[in-house]
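Please examine the sequence and the structure shown below before reading the report.

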Amino acid sequence: MPQPDVDLQLIDVTTPEGALVAPEWLPRAEGVHRQLRDRLGPDYVAKMRRVFADGARLVVAARGEAVVGLGVYRIYEN
């Protein structure tokens, strides 16, 4: 059985309400996020702040100070 990647950390960048609790990770996530969503506008931080204000959350997967993956998601009842 493969061993888990002990160097990988999952970091909640936002609260469930969309407030930034680890704002230093937002600019670090930009490069990875642009690989996944190549049509993001030029002001990434402002765009993401609007997305978070509308209820989205961000979690990053990091090795040390480098973001290697991320997820932007919303939780709602259907």
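The model is predicted: local features need pLDDT of at least 70, side-chain atom pairs count only at pLDDT 80 or more, and totals for chains, interfaces and linings use all residues. Residues are numbered from 1 along each chain as its sequence is written, and side-chain values use heavy atoms, with hydrogens and water left out.

**Strands**

Helices (H or I, at least four residues) and strands (E, at least two) are DSSP runs numbered from the N terminus. Two strands pair if DSSP finds at least two bridges between them. Strand β2 pairs with β1 (residues 8-12) in the antiparallel sense over five bridges. Seven bridges join β2 to β3, and these two strands also run antiparallel. Bridge partners of β2 residues are listed here.

| Residue | Bridge partner |
|---|---|
| Ala-61 | Gly-69 in β3 |
| Ala-62 | Val-67 in β3 |

A residue is buried under 20% relative accessible area, exposed over 50% and partly exposed in between (1.4 Å probe, protein chains only). Because six of its seven residues are buried, β2 is largely enclosed by the rest of the structure.

**Nonpolar core**

A nonpolar core is a set of buried Ala, Val, Leu, Ile, Met, Phe, Trp, Tyr and Cys residues joined through side-chain atoms within 4.5 Å. The largest such core has 18 residues, and Trp-25, Leu-58 and Val-60 have the most contacts inside it. At least two core residues come from each of α1 (25-36), α2 (44-53), β2 (57-63) and β3 (66-73). In soluble globular proteins, nonpolar side chains tend to be buried together.

Contact means heavy atoms within 4.5 Å. Beyond its neighbours within four places in sequence, Val-60 is in contact with residues including Leu-10, Trp-25, Ala-29 and Leu-70.

**Two side chains**

Where is His-33 found? His-33 belongs to helix α1, and His-33 counts as buried because its relative accessibility is 7%. Not counting residues up to four places away in sequence, His-33 touches Leu-40, Tyr-44, Met-48, Leu-70 and Val-72.

A charge sits over a ring if NZ of Lys or CZ of Arg is within 6 Å of the ring centre and within 35 degrees of the ring normal. The charged end of Arg-28 sits over the ring of Trp-25, 4.3 Å from its centre.
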